[in-house]
Amino acid sequence: MLSLLKYLFTSKVQKRDSNDPPTPSLIVDATVGEQICIPYTQKFTRRPSGIQVEQVSSPYFSALSSFFINVSSDTFSQKTGDWIVNFNISRPDQQLRIMKENATCHSAGIYKITIKYDDGNDTSFKFKISFKVPQLEQIVTRLNDKVFVHCEMKKTCMASSLALFVNDKGSSRLIPDIDVCSFTDKNSGTTVSADAIIHVSQLSENQTISCVPLMMNMELAANLTSTSGIPVCDGDCVPDCKDNPQGEAYFPDKNDCTQFYQCSNGQLVSQSCSPATYWSTSKCTCVHFNEDICNKDTYRFLSPLLSIEKCTNASLA
């Protein structure tokens, strides 16, 4: 599946400050649209003069955020944008807590908190905000001769869109005509989806359909890829006479190869082939048994029907 992902985007490299701490002291796994809390638990021996928060790197093409807060008392709570800083020098367990009300994609990255003192002796702390791996949902259904594919990934910052592929014995081909949607909501995060309708004549029972997220991390994209088989003709595959209200049409029975259905004046009528014959849609009539298609002992198709194909040129004489 990695071979399908060569179209992925290249990431923007952020320049690092050589004075930054080398490794984040804390990694926070966040969820898009939910609150983030970063506790800073260093014991203060004296009150600092200011607190600076800088986003020093980001995996996305966005401006890096930063803000500075003057410390004017031993205890305070201050809001800056959608960041909230709570400071309490009297509590040994949690003197400083920084929260972001709603995590957005641009929140991801590495941050540095700098505690500034009047004498110029600053201390710094580094933390990283990353997002939990999203779940990819794929639903493949069918109705008669059409296969409906829906893929969706919610609360994600990792995928820009989704692509659909049909796989057959190690090779894959892109499904070209798909509907792709993407929307971002402050509370629910980013959702990307892809939909396609494929006629069963373009598919075979041995093929599969894969939903592939387009993202920078090719290995993660391969792990998230969801694959489903082509649905065979099941309870949702039934003969339909609505397209032939006045004329005649013929359909196979999905379970019994010696049975067929006839549409006559909009009414569906069950019919049976004569002994030693089975219904052939390609010939639109009953023909002598072919053991590669119909089992003459069980009257079952050797390969499940992918669709209930219609024919209209029957020869039943």
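A salt bridge here is a side-chain nitrogen of Lys or Arg within 4 Å of a carboxyl oxygen of Asp or Glu. I applied this rule and got 7 salt bridges.

Notes on the model. I am working with a predicted model, in which local features need pLDDT of at least 70, side-chain atom pairs count only at pLDDT 80 or more, and totals for chains, interfaces and linings use all residues. I number residues from 1 along each chain as its sequence is written, and side-chain values use heavy atoms, with hydrogens and water left out.

Entry on Arg47. I looked up its partner and found Asp74, with the closest N and O atoms 3.1 Å apart. Arg47 sits in the loop between β2 (36-40) and β3 (50-57) and Asp74 in the loop between β4 (66-70) and β5 (75-80), so the pair ties together parts 27 residues apart in sequence. I take strands (E, at least two residues) as DSSP runs, numbered from the N terminus. For burial I use relative accessible area: buried is under 20%, exposed is over 50%, and partly exposed is in between (1.4 Å probe, protein chains only). Arg47 is partly exposed at 41%, and Asp74 is partly exposed at 37%.

Entry on Lys79. I found its side chain in a salt bridge with Glu101, at 3.2 Å from N to O. Lys79 is in strand β5 and Glu101 in the loop between β7 (96-100) and β8 (109-116), 22 residues apart. Glu101 is partly exposed, with a relative accessible area of 29%.

Entry on Lys100. Which residue does Lys100 meet in a salt bridge? I found Asp82, at 2.9 Å from N to O. Lys100 belongs to strand β7 and Asp82 to the loop between β5 and β6 (83-88), so this pair ties together parts 18 residues apart in sequence. Lys100 is buried at 7% relative accessibility, whereas Asp82 is partly exposed at 22%.

Entry on Thr114. I located Thr114 in strand β8. Is Thr114 buried or exposed? I read a relative accessible area of 9%, so Thr114 is buried. Leaving aside neighbours within four places in sequence, I listed its contacts (heavy atoms within 4.5 Å); among them are Gly50, Ile51, Gln52 and Asp122.

I noted a nonpolar patch of about 280 Å² made by Leu143, Phe148 and Ile197. Such a patch joins nonpolar side chains (Val, Leu, Ile, Met, Phe, Trp, Tyr) within 5 Å, from residues with over 30% relative accessible area and no salt bridge. Areas come from the Shrake-Rupley method with a 1.4 Å probe. I placed Ile197 in strand β15 (residues 189-199); Ile197 is exposed at 54%.

Technical notes:
Helix = DSSP H or I, 4+ residues; strand = E, 2+ residues; numbered from the N terminus. Patch = residues over 30% accessible without salt bridge, like charges linked within 9 Å, V, L, I, M, F, W, Y side chains within 5 Å.
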